[in-house]
Amino acid sequence: MPKNEEHQLAALVEPLRVEPGSRIDVAKGLDPRFDPGIRRKQGEGLLAESLSQLADYQSRLAAQDTWAVLVVLQAMDAAGKDGTIRHVMSGVNAQGVRVESFKKPSDEELHHDYLWRHAQRLPARGQIGIFNRSHYEEVLAVRVHAEALGREKLPQGTAGRHLWKRRFDEINAWERYLTNNGICIVKLFLNVSREEQRTRLMRRLDLPDHNWKFSIADLDERRLWDEYQVAYSDMLSHTSTQWAPWYAIPADRKWFMRLCAAAVIVDALNTIDPQYPTVDATRRAELQDVRQALMAEAPKGAAADPFQAHQAGSDDSV
């Protein structure tokens with residue numbers, strides 16, 4: 001990536017980071033239309049560069065087989081989680097990416113602790129995992145919907161007024177454990193405005209081929225907008241840590257949201273900087289022996305090393 005574009009992406013990521021220990025008020029302190037002065041055509045070019053770099057990092061991540069990357073997506077309905085996944089992951093190897101969506105917990109899941117089902121779906125080393133909604137629903141939807149907490153079979157006396165602070169601490173500790181064991185956590189809060197959400201819900205109603213996306217439950221959740229803003233504010237304030245910070249992604253402009261998401265993920269991969277494994281002298285000697293044996297098998301008139309010959313021909317045609 002050209003140095004100028006690399007600096008632009010780095011400069012874009014920093015103001016999105018939720019500083020650990022800061023107090024966040026989503027309604028007053030985060031702008032869903034934050035504009036750093038990047039125009040759309042320029043942004044599309046930066047996004048293309050980011051996706052190319054992401055594909056390269058993914059290849060190195062898989063080859064090194066040391067780190068995994070977990071992308072956590074949280075947002076209100078219609079903020080653009082699915083579109084972000086589709087666009088940002090468009091250029092990577094599908095075999096190395098797994099998307100997990102978490103709905104209401106099943107009976108089996110309710111018989112375990114609240115992090116159990118999420119732990120079952122963590123990415124393996126060399127993989128990128130995406131949680132489309134995540135363990136943070138346990139301090140968002142479960143907090144807003146008191147009846148959901150009642151289904152969790154908690155021991156008597158553990159669901160008092162300190163429950164949410166305790167869960168924030170538990171989640172922070174769990175994420176630190178994951179980070180210490182080779183899972184790089186990238187947490188993205190897609191911050192959409194109430195009016196933009198209304199526009200997107202209307203679009204789902206107005207376009208026949210989008211009707212399937214609309215759910216009456218979306219309206220039920222929309223009526224609880226203020227309660228969710230409080231819950232998101234507390235979540236960001238208490239769980240943005242040095243080892244797993246949150247990034248507040250302005251989501252009212254889709255193209256900019258996708259650029260920001262891609263830039264943050266690339267920045268995280270740049271931090272862990274996975275590398276292709278190197279081979280020692282003994283292994284190189286073995287490979288040279290294999291190379292000589294394959295070259296000796298070349299039919300009469302064929303290049304001993306057809307790949308090298310093809311590369312040389314390609315260079316001559318430039």
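**Arginines, charges and overall build**

User: How exposed is Arg198?
Analyst: Arg198 is partly exposed, with a relative accessible area of 40%. Note that this is a predicted model.

User: What salt bridge does Arg198 form?
Analyst: Its partner is Glu195, and the closest N and O atoms of the two are 2.8 Å apart. Glu195 is partly exposed too, at a relative accessible area of 43%.

User: How many salt bridges does the whole structure have?
Analyst: A search of the whole structure gives 24 salt bridges.

User: Ok, what about Arg133, who does it pair with?
Analyst: Arg133 forms a salt bridge with Asp77, at 2.6 Å from N to O. This pair links distant parts of the chain, 56 residues apart. Arg133 lies in the loop between strand S3 (128-132) and helix H7 (141-144). Asp77 lies in the loop between strand S1 (68-75) and H4.

User: Is Asp77 buried or exposed?
Analyst: Asp77 has a relative accessible area of 15%, so it counts as buried; the cut-off for buried is under 20%.

User: And Arg17, what does its side chain meet?
Analyst: The side chain of Arg17 meets that of Glu19 in a salt bridge, 3.2 Å from N to O. Arg17 is partly exposed at 21% relative accessible area, and Glu19 is partly exposed at 40%.

User: Switching topic. Which residues make up the positive patch on the surface?
Analyst: Arg86, Arg203, Lys213 and Lys254 gather there. Arg86 is in helix H4, residues 81-88. With a relative accessible area of 53%, Arg86 counts as exposed.

User: What does Arg204 touch?
Analyst: Leaving out residues up to four places away in sequence, Arg204 touches Ala78, His210, Asn211, Lys213, Phe214 and Asp218. One of these, Lys213, is also part of the positive patch.

User: Now the big picture. How many helices and strands are there?
Analyst: The protein has 15 helices and five strands. Along the principal axes, its C-alpha atoms fill a box of roughly 80 × 45 × 40 Å.

User: How much of it is buried?
Analyst: Of the 318 residues, 45% are buried. The accessible surface comes to about 17200 Å², and carbon and sulfur atoms account for 52% of that.

User: What share of contacts comes from residues 24 or more positions apart?
Analyst: Such residues account for 82% of the contacts with a separation of 6 or more.

User: Last one. How many positive and negative side chains are there?
Analyst: There are 42 positive and 45 negative side chains. The centres of the two sets lie 4 Å apart.

Technical notes:
Residues are numbered from 1 along each chain as its sequence is written. This is a predicted model: local features need pLDDT of at least 70, side-chain atom pairs count only at pLDDT 80 or more; totals for chains, interfaces and linings use all residues. Side-chain values use heavy atoms; hydrogens and water are left out. Patches are made of residues with over 30% relative accessible area and no salt bridge: like charges are joined within 9 Å, nonpolar side chains (Val, Leu, Ile, Met, Phe, Trp, Tyr) within 5 Å. Accessible areas come from the Shrake-Rupley method with a 1.4 Å probe; for residues, only the protein chains shown count as cover. A salt bridge is a side-chain nitrogen of Lys or Arg within 4 Å of a carboxyl oxygen of Asp or Glu. Lys and Arg count as positive and Asp and Glu as negative; His and the chain ends are not counted. The place of a charge is taken as NZ of Lys, CZ of Arg, CG of Asp or CD of Glu. Helices (H or I, at least four residues) and strands (E, at least two) are DSSP runs, numbered from the N terminus. Buried means under 20% relative accessible area, exposed over 50%, partly exposed in between (1.4 Å probe, protein chains only). Contact means heavy atoms within 4.5 Å.
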